[in-house]
Amino acid sequence: MKRKIAVIGSGFSGLSAASFAAKDGHEVHIFEKNHSFGGRARQFTTENGFVFDMGPSWYWMPDIFDSYFAEFGKKTSDFYELISLNPQFEMVFSDENLNLPQNFDEMKALFEALEPGAAENLEKFMQDAKYKYEVGMKDFVTKPCFSWTEFFSVKILKSALKLDLLSNFRSFVGKYFKNSKLRTLMEFPVIFLGASPENIPALYSLMNYGGYRLGTFYPMGGFYKIIEAMMSICGDVGVQFHNNSAVEKIISEKGKVKSILVNGELLEFDSVIASCDYHHTETKLLTDQEKNYKEEYWKSKTFAPSCLIFYLGISERIKIKHHTLFFENDLDLHTSEIYSDKKWPSKPLFYVCCPSQTDDSVAPEGCENMFLLMPIATGIEDSDEMRQKYFTQMIERIEKHTGTENLAQKIIYQKSFCLNDFKEDYNAYEGNAYGLANTLSQTAVLKPSLKNKKIKNLYYTGQLTVPGPGVPPSIISGKIAAHQATL
């Protein structure tokens with residue numbers, strides 16, 4: 001039976017859900033509160049010619065993107081050109097810098113130079129991570145996670161021990177590498193999963209495989225090219241888009257959605273998929289009796305970080321890699337101040353993306369496009385003074401690394417984005433940037449449910465539900481939600 005389905009939010013999970021629901025023959029409408037589509041992956045262009053991706057910048061797990069487009073008879077190359085980055089990124093330590101090569105043999109040579117035997121151990125690590133990736137990303141994360149019985153397949157049960165669900169990521173890395181720099185290099189990918197490495201299941205070594213082994217890529221024109229591609233897919237299957245359309249209420253009757261209130265107008269729908277912030281949906285769009293979870297539930301959860309971001313236009317070229325990680329300070333100190341102490345970092349780590357090193361179209365000739373990101377705790381106080389304090393620190397460290405003098409004076413465009421902006425633009429709970437942490441106690445069935453338990457035709461998708469934070473998981477989440485909404 002053909003249904004009329006509303007999708008709230010146009011980020012990766014919303015676009016994915018809309019495209020799959022429409023592909024199945026349903027009438028689908030996307031409602032986006034902001035003027036531009038894409039959620040956290042929006043893009044903006046300045047008057048002086050800089051083009052900034054506002055959110056995601058790491059193109060990992062390329063097969064997940066390939067699989068999505070293949071579902072619609074398309075390829076990524078039909079929409080954008082992918083560049084394989086070499087080096088994949090540079091990691092800046094206090095005493096030296098490491099560049100992670102694109103070529104795996106060169107990567108092994110780098111590891112061996114830092115620790116005898118590390119090349120062979122990297123090979124073993126990646127073999128194990130590949131297995132986890134193939135089981136985890138193909139079977140484990142595709143479940144709606146309503147019950148543990150979903151995982152009682154012969155393949156998953158046989159894989160249970162090898163998936164290392166009960167051991168932590170730090171211990172797992174430590175089995176292979178002793179050198180502190182190599183351990184930091186291998187632990188880096190899980191930082192944005194929402195907890196320190198000792199609290200993340202070893203299963204997530206699959207991220208090292210999906211990134212380091214499969215490669216780090218860049219879509220020419222920026223990450224927004226993926227949003228445009230998914231919007232094109234949505235258009236092909238008949239999805240209708242509505243921007244500047246804030247959903248103010250979900251109205252139900254006898255345990256079933258009847259309509260939504262959009263900019264003061266009631267619109268009738270057969271089902272709703274909420275791709276917006278889960279907590280916002282429950283607290284602002286539903287009545288107390290319709291919620292899945294009380295406020296205490298959300299307060300008890302561990303969230304992935306928020307972040308302080310600066311979008312900078314520089315009037316001259318800078319000697320810096322496309323991706324640079326500034327890890328001169330202690331990783332454990334920074335993560336404890338994010339997840340345990342919940343305060344602004346005393347000795348922060350941060351990340352710089354400079355896409356103009358690869359793509360001339362994102363900056364005027366002779367200029368540089370730079371994106372600075374510092375992970376921070378959710379729910380802390382945000383102020384212009386605090387933003388400026390850390391901006392000064394980051395600029396000084398970039399100057400030291402690149403040999404650039406008076407960098408601040410060469411900035412011809414500057415915009416910051418932080419906790420208050422995540423709340424304002426995305427209704428993000430406590431200003432979170434990456435959703436709910438992938439700790440063991442918040443994995444699979446233990447995540448917020450994909451279905452509303454009181455309203456049978458209301459579903460949730462995105463980084464606060466299964467399978468978790470990140471662009472590929474969000475695309476998978478949308479597909480799962482669409483399937484449930486169209487059963």
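**Exercise 1.** Is L446 buried, partly exposed or exposed, and at what relative accessibility?

*Solution.* The model is predicted: local features need pLDDT of at least 70 and side-chain atom pairs pLDDT 80 or more, while totals for chains, interfaces and linings use all residues. Residues are numbered from 1 along each chain as its sequence is written, and side-chain values use heavy atoms, without hydrogens and water.

Step 1. The classes are buried (under 20% relative accessible area), exposed (over 50%) and partly exposed in between, with a 1.4 Å probe and protein chains only.
Step 2. L446 has 37% relative accessibility, so L446 counts as partly exposed.
Step 3. L446 sits in the loop between α14 (419–426) and β19 (458–460).

**Exercise 2.** Describe the salt bridge of K479 and its setting.

*Solution.* 
Step 1. A salt bridge needs a side-chain nitrogen of Lys or Arg within 4 Å of a carboxyl oxygen of Asp or Glu.
Step 2. K479 pairs with E71, and their closest N and O atoms are 2.4 Å apart.
Step 3. K479 belongs to helix α15 (residues 471–485) and E71 to the loop between α2 (62–70) and β5 (82–84), 408 residues apart.
Step 4. K479 is partly exposed at 38%, and E71 is partly exposed at 30%.

Methods. Helix = DSSP H or I, 4+ residues; strand = E, 2+ residues; numbered from the N terminus.
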